[in-house]
Amino acid sequence: MTTIEEQVNRYGYVTEAVAEDIDLIAEINRLKKEKNAVILAHYYVDAEIQDIADYIGDSLGLSQQAAATEADMIVFCGVHFMGETAKVLSPNKKVVIPDLNAGCSLADSAPADKFAAFKAQYPDHIVISYINCSAEIKALTDIVCTSSNALQIVDSLPKDQKIIFAPDANLGRYVAHKTGRDMVLWDGACIVHIDISREKLQKLREENPDALLIAHPECKEDILLQSDFVSSTTGLLKFVKESKHDKFIVATEAGILHKMKQSVPDKKLIPAPGSDNNTCACSECPYMKMNTLEKVYNALYYEQPEIFVPENIRLKAYESVARMLELSKGI
């Protein structure tokens, strides 16, 4: 019989079977109280996990919550870099995630050694990195940003300050266009957002001429240029709530539709289609969907898999994240 540590080392998560007769939600709530734990969840995880979370948000909001929480343990339902960011901000708290395999294609697109060599070519540039990156990349960064605050952070720097923007080239191009800044871009991308099908989207728009197209800035430039509104997940949610329109095509990961539907139950929300044929005819992140209620329960019960960040990396990463949080006050 394998130990919990062996299960995590071999599979990336606790594989211990959960009793069929257990009330998962009731048990998760009991364990949260017993262990003084908090569940943080991204908008892109499954609806049933969003519904049990203490806080649901985008990367900026989740970072702010991770920095401020008084809980002893953080259960981070999202992807690996998010758990790392929580540990960077709260080193004295135990941070666990449901599945270590829940990575991020965007974070993976920027290996630390290659990025360090890239950065060395531009010694007079400040590095602004999108939060969707590893702790090692954050340690090589001057200021972290999210899609919620990227414009504000770039605008806060002197006009003559040279900038490297990493790792998302689509977000970087969008920020450069909006701010008028000429930035050096690392060529990374999110598989979910770049996989939105132009052909299927065009057909969907023809079928729904009265719908507004709203998009996340990680989408390809041609989709952003035809969109009626571009913003972070939180920004898209706010727009749908405040807009007088009642029909929207939503070009981002489909998990956000759960919160949108709760906020605007009378409005029509249509997910933008991905290139692949899947059950929801939408764009889904396979990594976010690795989070399940059973894995959340096991993470809480066994306090595994735990996130660790080497202290020398954590201290450098903390500086870039803390600077973002300071510049983001009021957002």
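Two strands are taken to pair if DSSP finds at least two bridges between them, where strands (E, at least two residues) and helices (H or I, at least four) are DSSP runs numbered from the N terminus. The model is predicted, so local features need pLDDT of at least 70 and side-chain atom pairs count only at pLDDT 80 or more, whereas totals for chains, interfaces and linings use all residues. Residues are numbered from 1 along each chain as its sequence is written, and side-chain values use heavy atoms, with hydrogens and water left out.

- Strand S1 (residues 37-42) is mostly covered, with six of its six residues buried, where buried means under 20% relative accessible area, exposed over 50% and partly exposed in between (1.4 Å probe, protein chains only).
- In a regular strand the side chains alternate between the two faces of the sheet.
- S1 pairs with strand S3 (residues 73-77) in the parallel sense over five bridges, and Phe76 is the bridge partner of Leu40 in S3.
- S1 also runs parallel to strand S2 (residues 55-57), to which three bridges join it, and in S2 it is Gly57 that stands opposite His42.

**The open sheet**

- Strands S10, S9, S11 and S12 form an open sheet in the order S10-S9-S11-S12, with parallel pairing.
- S10 and strand S12 (268-271) stand at the edges and have a single partner strand each, so one side of each is left without a neighbour in the sheet.
- Four bridges pair S12 with strand S11 (residues 247-251) in the parallel sense, and the bridge partner of Phe248 in S12 is Leu269.

**Aromatic pairs**

- A search of the whole structure finds eight aromatic pairs, where rings of Phe, Tyr and Trp (its six-membered ring) pair if their centres lie within 6.5 Å, and planes under 30 degrees apart count as stacked, over 60 as edge-to-face and the rest as tilted.
- The rings of Phe115 and Trp186 have centres 5.5 Å apart and planes at 75 degrees, so this pair is edge-to-face.
- Because Phe115 lies in helix H7 (residues 112-120) and Trp186 in the loop between strand S8 (184-185) and helix H11 (191-194), the pair ties together parts that are 71 residues apart in sequence.
- The rings of Phe118 and Trp186 have centres 5.1 Å apart and planes at 85 degrees, so this pair is edge-to-face.
- Trp186 is buried, with a relative accessible area of 11%, and Phe118 counts as buried at 15% relative accessibility.
- Ring pairs link Phe115, Phe118, Tyr122 and Trp186 into a cluster.

**The second largest pocket**

- The second largest pocket has a volume of about 200 Å³; a pocket is an open set of points on a 1 Å grid over the protein atoms alone, where a 1.4 Å probe fits and protein lies on both sides within 12 Å along at least five of seven lines, and its lining residues have an atom within 4 Å of a point.
- Helix H10 (169-179), helix H13 (221-226) and strand S10 (229-230) are the elements that give two or more residues to the lining of this pocket, and the largest share, four residues, comes from H10.
- Domain 2 (106-190 + 314-327) and domain 3 (192-284) both give residues to the lining, so the second largest pocket lies between them, the domain bounds coming from an automatic or database domain assignment.

Terms used: Points joined across faces, edges and corners; volume = space filled by probe spheres on them.
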